Structure formats: structure tokens, C-alpha cells
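Hello,

Please find the structure we talked about just here. Have a look at it first, then read on.

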Amino acid sequence: MGNLPLARPPQDKMVAEIAHTNVYDAAFRELLRQQSGAPAWLRRAREDAFAEFDRVGFPTVREEEWKYTSTAPIARAAFTPSFGPTRSLNGELRSFTFEEARDSRLVFVNGVFQRESSSVSGLPAGVVVVNLAEAVTQPEYESQLSSHFDGSHDNGFTALNAALFVSGAFLLIPRGVEVTVPIHLLFISETTNGDTPASFPRVHILAEENSSATIVESYAGMTEGRYLTNAVIDVDVKPGARINHYRIQRESADAFHIATTKAKTGRDSAYEITSINLGGLLARHGIEVKLDDEGSHCAVDGLYLIGAEQHSDTHSLIDHRHPHGTSRQLYKGVLDGKSRAVFNGKVFVRHGAQQTDAQQTNKNLLLSDEARVDTKPQLEIFADDVKCAHGAAVGQLSEDELFYLESRGINPALARNMLTYGFAEEVIERIKIDSVRAELNRFVLNRLGTSLDD
């Protein structure tokens, strides 16, 4: 009998194990040491989360939800979790901040709260917008926060976030309060001396009954270079409340950005999110909205505009659990170079969720022969009195429209950019904050190599 071949663990499992042992395990032990005075419930939550990460590791392409997005480059890289103080960027933030939120913003650098760049003096009395690291030490917030660390994690990334977060934001909009200025949560990453930092932002938003607010959550790279952002956002919208959420991702060209957004809506409430994804070498945004009572509404819109060898993955789940819920979803993608996008959107209508009205659309524009998109809108309906529709489209610029513009004296390059911008504009125009929309317009036009003055 010949020698039997030795069994070898899968390669992706091997690289994940290396990451656990050499990087994150040491970082986790150091964080526990630094936070030896943290509340017992938080320490237990961190330990449970890290044990979960240690057990499952990073997701692999063998898992259905990750089959088009390999996390092996993240597992192989020796990212260093960032815990300590960072240098002040107060004078360097102008291009990342918005006038409307001058006195209603929190700033984080490599995941660490930067007090000197933050101000919430423009918010109404009673509104709580604080660094999460401070909120978790306050007994009055324990009941709101501890429920979000209940030991259930979607995957290794969310578990690792719960284990290693050091900063983030806790927002509480009191009952009946309308916040008229946007609240800006700005997450900046930078690399120095060739380091590869990893940050784990975490945000919890609680909008009490009949309150309303607009949240701008933005991510940007101060410098080029490789780093990892692994973010988790929880939003709880109580009955009659309304949250408008704008999410802008402009990480550096070599960055990895993994984010999870979860929202839950109460009776007759509304949650609307517009997500703009422009940066990162590999970016993934998972979003789940539970319509958790009658008459609630959500709108989940987005745009990904990528080129070169960028990879953008959007996974969404809109879960209709009660009658008379409405949901709208419009995602658009513009792909150039050798970029690749994934859109997987599921609308789930549970038994008893009668009179649900759900519309879902994903449209993609390919600007090169080497760009690729995998789109999979899905409907799963277990109620019999609903109005639901979904659709997806992948195409190129219209030759007839290009000919029309060129026949009126517009040069071919500008005509191409005008049509591309027009395709993306439908999503950008859904942002109701003037300076945010103007900045995005400039960014997108620069990416297309044109300007509003051409």
C-alpha cells in the first residue's frame, strides 16, 4: 500500500488562521489590557465576539454570500489595529467636511475619536451625539447599547469589529425632537511610514418616537496606501420617527473597506439611505433593513462608480415583516477599466405582511469591455396581497445618444462623459444637503475627466 496523501486544510482557511494568530490575537489581548476598567458586560461581549471570529475566520468564496468577493487579500495582509491617539488633522479636513455640519460633527482618525476636530454645539438640547467609547461607560446607556452586543454576528468581520472597536459614535435623538442640521460622522484613514492600519468604527443610532434627523456617514483616505476599514452601523427607528442617512465612501485606491449597516423600523416610521461608493480597491457594503411594524417605509438607494481594478460588492436585504410596508430600492453602477461589481439585493415579504409595496431596480453601465458586473435582484414572497417588482439591467452608452450630441458639435469625449454623468446623477440628486451634493458632483466629474464648466 502506498503512502496516503496528507490532508491539507483549504488555502483560504490557512491564511485566515495565520491572521488570527499573528495579528488580531495579539491586538485583542492588548486592547483588553488597556481597557481593564471597562464594564463587565462589554468585556464579555468582546471576548465572545473574538471567540466567534476565531472560530469562523473571515468569510471565503465558498460561502454563497461571498462567492464573488474574495477576502483572501485581507486575510493575508498584516494590518495593525489602531488603538492609540492620532495626530491632529484639524487644519487638513476642509475637503472632507461640510458647511451645514460645522457644529454637528464627530471626527475619527484611523478609528480613534479626535476631540479637537469635533463639535456638537449646534445640536438641540437633549440630543446625544458622543464618542461610543465614552457612551459604553455610562450606566444610563447600558440598556440601549448592550443589546447590540448580544453575541450574534453575521460573519467574521462583524465579530472582529465587536471585539476590537475602540471608538465610534452613539446618537440618541429624543422623542419628538427634529434635528434640522445634518449630523456628520467623518472617518479618516491615513498611513505613515509604510504602515497598514486597521480601524473598526462602530455607530449606534437610536431615533425615539416621532423624532427626525439626517446623518452623513463618510469615509475617506487622507493618504494613499493600504489600510483596512471594518465598520458596523446599527440604526433603530422608533414609531413615527424618520432618519435620512447618507453614506459616502471615498477610501484610497489601495484600501479595503468592509461595512455592515443594519436598520430596524417601527410603526409608521421611515428610514432612507443613499450610499455612494467611489473608492477602495475592494469595498463591500452589506445592508439589512427590517420593517418591523405596520406602515413603515424604507428607501435603499446607491451608486458605485469604479474603474481600474476596483471591486465593489453590495449585498442588501429588505425584510417586510408586517402589513402596509413600502420599500424602494434604486442602485446604479458605472464601471470602467477592469473593475468588477456585485449587486445582490433581496426583498423578503413574510407571511402576514399584506399590502406590501416593494420596488427594486439595479442598473449598470459598462464603459469598457473588461469591466464586469454580477447582479442578482431577488424577491421571496410569502404573502398573497402584495405589489412587488424587481429588475436589473446591464448595458453600454447609447450609440444614438452619442451621435445626437456629437452632431451638435460636442466632442466625443465630452459627450461620453455627459451621458455617464447623467446616468449617475439620478442617485446623487437624492441627497438633499447642498454642499454634500456639490462635492459629490465635483468628485464624480473629476473621475470622469470633465467639469461643470466644460
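Below are the findings, from the overall build down to single residues.

This is a predicted model, where local features need pLDDT of at least 70, side-chain atom pairs count only at pLDDT 80 or more, and totals for chains, interfaces and linings use all residues. Residues are numbered from 1 along each chain as its sequence is written, and side-chain values use heavy atoms, with hydrogens and water left out.

Overall build

The protein has nine helices and 21 strands. Both are DSSP runs, numbered from the N terminus: helices are H or I with at least four residues, strands are E with at least two. The radius of gyration is 22 Å, close to the 22 Å that the globule rule gives for 454 residues, so the protein is as compact as a globular protein of that length. That radius is taken over C-alpha atoms, and the rule is 2.2 Å times the number of residues to the power 0.38. Along the principal axes, the C-alpha atoms fill a box of roughly 75 × 70 × 55 Å. Buried residues make up 56% of the 454 residues. Buried means under 20% relative accessible area, exposed means over 50%, and partly exposed is in between (1.4 Å probe, protein chains only). Take the contacts with a separation of 6 or more: residues 24 or more positions apart account for 84% of them. Contact means heavy atoms within 4.5 Å.

The sheet

An open sheet is formed by 10 strands, in the order β3-β2-β6-β9-β11-β13-β15-β17-β19-β21, with mixed pairing. Two strands pair if DSSP finds at least two bridges between them. β3 (112-113) and β21 (387-395) stand at the edges with a single partner strand each, so one side of each is left without a neighbour in the sheet. Inside the sheet, β15 (residues 297-306) and β17 (residues 326-335) run parallel and are joined by 10 bridges.

Helix α9 (residues 434-448) lies across β11 (242-250), β13 and β15, at about 30° to β11. Axes are lines fitted to C-alpha atoms, for helices over the stretch in contact, and angles run from 0 to 180 degrees between N-to-C directions.

Cores and a buried glutamate

The largest nonpolar core has 45 residues, and Ile183 and Leu185 have the most contacts inside it. Such a core is a set of buried Ala, Val, Leu, Ile, Met, Phe, Trp, Tyr and Cys residues joined through side-chain atoms within 4.5 Å. Apart from that core lies another, of 44 residues, including Trp66 and Leu206.

Leaving aside neighbours within four places in sequence, Leu185 touches residues including Leu106, Ile215 and Glu217. Glu217 lies in strand β9 (residues 212-221). Glu217 is buried, at 1% relative accessible area. What does the side chain of Glu217 join in a polar contact? The partner is the side chain of His245, at 2.7 Å. A polar contact is a pair of N or O atoms within 3.5 Å; within protein, one must be able to donate a hydrogen and the other to accept it, and residues adjacent in sequence count only if both atoms are side-chain atoms.

Two loop residues

His324 has a positive phi, near 65°, and is not a glycine. His324 sits in the loop between β16 (311-320) and β17, and is partly exposed at 44%. Gln355 also has a positive phi, about 60°. Gln355 is in the loop between β18 (340-349) and β19, and is partly exposed at 40%.

Best wishes
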